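Please work through each task with the model open before reading its solution.

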Amino acid sequence: MNLVIVESPAKAKTINKYLGKDYLVLASYGHIRDLPSKNGSVDPEKKFEMLWEIDSFSKKYLKEITDAAEDSKKIILATDPDREGEAIAWHVKEVLEKKKLLKDKHLERVVFNEITKKAILDAINNPRKIHLPLVEAYLARRALDYLVGFNISPILWTKLPGSKSAGRVQSVALKLITEREKEIELFNPEEYWTLASNFTNKDNKNIISKLSLFNGDKVERFTFKNREEIHKAIDIINKSKFTISDVNSKVFRRNPLAPFTTSTLQQTASGRFGFGASRTMQIAQRLYQGIDIEGETTGLITYMRTDGTNISKEAVDDFRKFIIDDYGQKYLPDNANNYSGKKAKNAQEAHEAIRPTNISRKPSEIKKYVNADQFKLYELIWSRALSSQMTPAEFDRNTIIISSENDKINFRASGSIIKFDGFLKVYQSQETDEDTKNILPEVNKGEEISILKLVDEQHFTDPPPRFSEASLVKKMEELGIGRPSTYASIITVLSTRNYVELMNKRFHPTDRGKLISAFLEKLFSKYVDYNFTADLENQLDEITSGKIEWVEVLNNFWKDFYQNVGEVKEKRTREVLDLLNESLGALIFDRDEKDGIDRKCKLCSNGELSLKNSFRGGAFIGCSNYPECKFTRPLSKSKAAAQYNLAEPKLLGQNLNGKDIFLKNGRFGPYLQY
């Protein structure tokens with residue numbers, strides 16, 4: 001008997017069918033061991049030796065594996081083809097070795113990118129050994145996460161009661177969200193005006209255009225800053241005569257997009273269907289592991305955790321044949337489109353892009369076998385992958401330039417029509433030009449036209465938008481922070497720790513999240529620095545490729561980090577809160593025209609407002625004269641105003657005894673006090 005070990009029971013069931021009676025396929029149910037949450041699980045003094053623990057959930061399934069291993073001639077480790085999969089294979093091997101079950105046994109490691117009969121049998125026939133550098137990169141990452149979490153979290157608990165914990169990559173993601181919030185809160189909108197014109201010719205053909213040149217200067221966003229400036233321009237334009245000075249037409253092409261990686265799939269599924277990163281990955285996992293189609297479990301897509309944008313030559317050949325058969329020769333480029341050069345920053349798990357395992361399995365044909373969400377995601381993956389091997393779309397872009405007699409004023413009208421749909425036949429790109437909505441009439445150069453209507457419009461600059469799940473994943477990928485397999489879990493952890501709230505599909509940092517982010521930025525700035533975190537990811541990549549020793553990476557990190565932890569431990573809680581008063585000042589206190597930050601208590605007048613923290617309620621603003629003055633308010637000025645329409649206590653008048661009556665904020669809303 002040959003024993004095959006995979007991670008999931010769904011995968012085990014499918015592979016068992018393909019391999020037949022000589023094989024027994026068992027699932028490890030994910031990782032079988034982890035570092036226990038206690039001191040000493042990683043020992044920097046002993047070359048970062050790690051003490052692993054088998055959790056109670058895994059013991060049952062591990063016993064099945066060890067019992068079967070005793071009676072097996074060959075043990076095949078067939079876990080996922082990425083760093084985590086390699087790590088699980090290594091953990092299983094380590095446990096079997098400790099139990100002395102590998103004596104006289106043949107141990108093999110196999111990987112496959114899709115769960116199809118051909119891919120499984122090819123993998124079984126081409127085994128390899130466990131790739132140790134990949135395992136060492138996993139060990140380094142696991143040790144780093146443990147050392148950061150286990151050393152910073154206890155400091156948080158003592159200095160900022162009520163805080164949960166701090167993670168190495170989660171803290172950097174939280175910093176992105178809180179920095180964006182700070183930009184929004186400090187944002188001052190600027191006014192600007194735009195001018196459009198509806199021209200008409202002698203045949204009553206209308207041309208909608210935008211002012212592009214005024215007084216010989218190109219019109220920019222802030223050319224007209226107020227109503228007075230735009231009205232002066234309108235007066236001049238109304239006194240001018242206009243003719244068509246140029247009519248041109250150009251063909252432009254739009255190339256198809258690369259097939260999906262993990263992050264681009266998460267971003268697109270979020271934009272189109274409103275799926276969160278975790279939901280997208282759960283649906284994709286099911287499509288990868290297999291769907292029951294007429295009694296046979298069939299893997300519909302390739303492995304869904306990948307940085308790669310390339311597609312295997314066999315798949316490309318299948319795609320090209322399918323395009324000719326179903327769409328015709330004109331939709332097929334002369335040579336296959338190649339996307340292998342388009343890698344994300346620090347791309348490590350560069351397998352194939354996400355694609356259907358069989359392109360001839362059209363979405364319409366599998367619709368009856370899957371649920372609505374699975375169909376949406378499969379159709380998206382299928383159409384994006386197929387379109388990536390099709391010809392570009394072609395557009396006719398027409399431009400009409402309308403000029404004044406002295407050529408100092410220009411209006412520009414643009415419009416596009418699709419000349420050839422190309423890849424758009426299969427995959428509707430959401431980036432289609434606004435121009436395609438504007439069909440221009442036929443006009444002649446030199447033709448006189450007149451203004452039918454001028455439309456001036458007031459605008460104000462917008463603050464940068466808060467991050468959605470999709471835009472946060474995109475930003476993290478751009479910066480080289482996190483991995484395809486970790487984006488979803490990072491987002492989940494931030495929410496479950498109550499550091500962020502998702503409102504209208506946008507991330508808002510909670511007061512506690514702002515506080516923790518400010519704490520880490522002030523006291524552990526190096527370790528939440530974007531470049532430092534990305535460089536650490538780079539080093540993990542170099543461990544994978546064997547360029548650097550994993551213990552060396554940990555040693556370099558630990559030396560400075562340990563010193564930083566010691567320095568922060570020595571600081572008193574009040575000293576920490578004073579540092580945070582300083583870094584959060586502009587956000588949490590009112591501004592004073594003369595002195596900058598106004599921290600004077602509005603209730604007792606001689607107290608100073610300061611950041612305070614309670615285990616139960618978290619961060620808040622309180623008066624230095626407590627307990628005589630019991631003034632408190634939420635950390636966020638905008639939250640205080642939104643909740644009660646009142647940021648500070650308001651004096652309403654006096655009672656019959658001449659005592660002041662105040663309207664104040666409390667945990668349960670506004671109340672009166674004298």
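**Exercise 1.** Determine how the residues of the lining of the largest pocket divide into nonpolar, polar and charged.

*Solution.* In this predicted model, the lining of the largest pocket divides into 15 nonpolar, 19 polar and 13 charged residues. The space in this pocket comes to about 1,400 Å³, and of the 47 residues that line the pocket, Glu84, Arg142, Ser485, Thr486 and Ser489 are the closest to its centre. Turning to the elements, those that give two or more residues to this lining are strand S3 (33-34) and the helices H3 (83-98), H5, H6 (168-185), H9 (277-289) and H14 (487-496); the largest share, 8 residues, comes from H5.

**Exercise 2.** Work out how H5 and H15 are oriented to each other, and which residues make their contact.

*Solution.* Begin with the geometry: helix H5 (residues 132-159) and helix H15 (residues 511-523) pack at an angle of about 120°, and their axes are 12 Å apart. Angles over 145 degrees count as roughly antiparallel and those from 65 to 115 as roughly perpendicular, and H5 and H15 are therefore oblique to each other. The crossing in which H5 passes H15 is right-handed. On the H5 side the contact is made by Ile152, Ile155, Leu156 and Lys159, and on the H15 side by Ile516, Phe519 and Leu520; by class, this contact has 6 nonpolar residues, 1 charged residue and no polar ones.

**Exercise 3.** Describe the largest cavity and the second largest cavity through their volumes and linings.

*Solution.* The largest cavity holds about 90 Å³ of space, and its lining of 14 residues includes Val148, Gly167, Arg168, Tyr527 and Val528, which lie nearest its centre. H5, H6 and H16 each give two or more residues to this lining, with the largest share, 3 residues, coming from H16. The second largest cavity holds about 50 Å³, and among the residues lining this cavity are Gly167, Ile516 and Leu520. Here the largest share, 3 residues, comes from H6, and by class the lining has 6 nonpolar, 4 polar and 1 charged residues.

Key: Residues numbered from 1 in each chain as written. Predicted model: local features only at pLDDT ≥ 70, side-chain atom pairs only at ≥ 80, totals over all residues. Heavy atoms only, no water. Axes fitted to C-alpha atoms, helices over the stretch in contact; angles between N-to-C directions. Helix = DSSP H or I, 4+ residues; strand = E, 2+ residues; numbered from the N terminus. Parallel < 35°, antiparallel > 145°, perpendicular 65-115°, else oblique. Left-handed = near helix turned anticlockwise from the far one by under 90°. Contact = heavy atoms within 4.5 Å. Nonpolar A, V, L, I, M, F, W, Y, C, P; charged D, E, K, R; others polar. 1 Å grid on protein atoms, 1.4 Å probe; cavity = no way out; pocket = protein on both sides within 12 Å on 5 of 7 lines; lining within 4 Å. Points joined across faces, edges and corners; volume = space filled by probe spheres on them.
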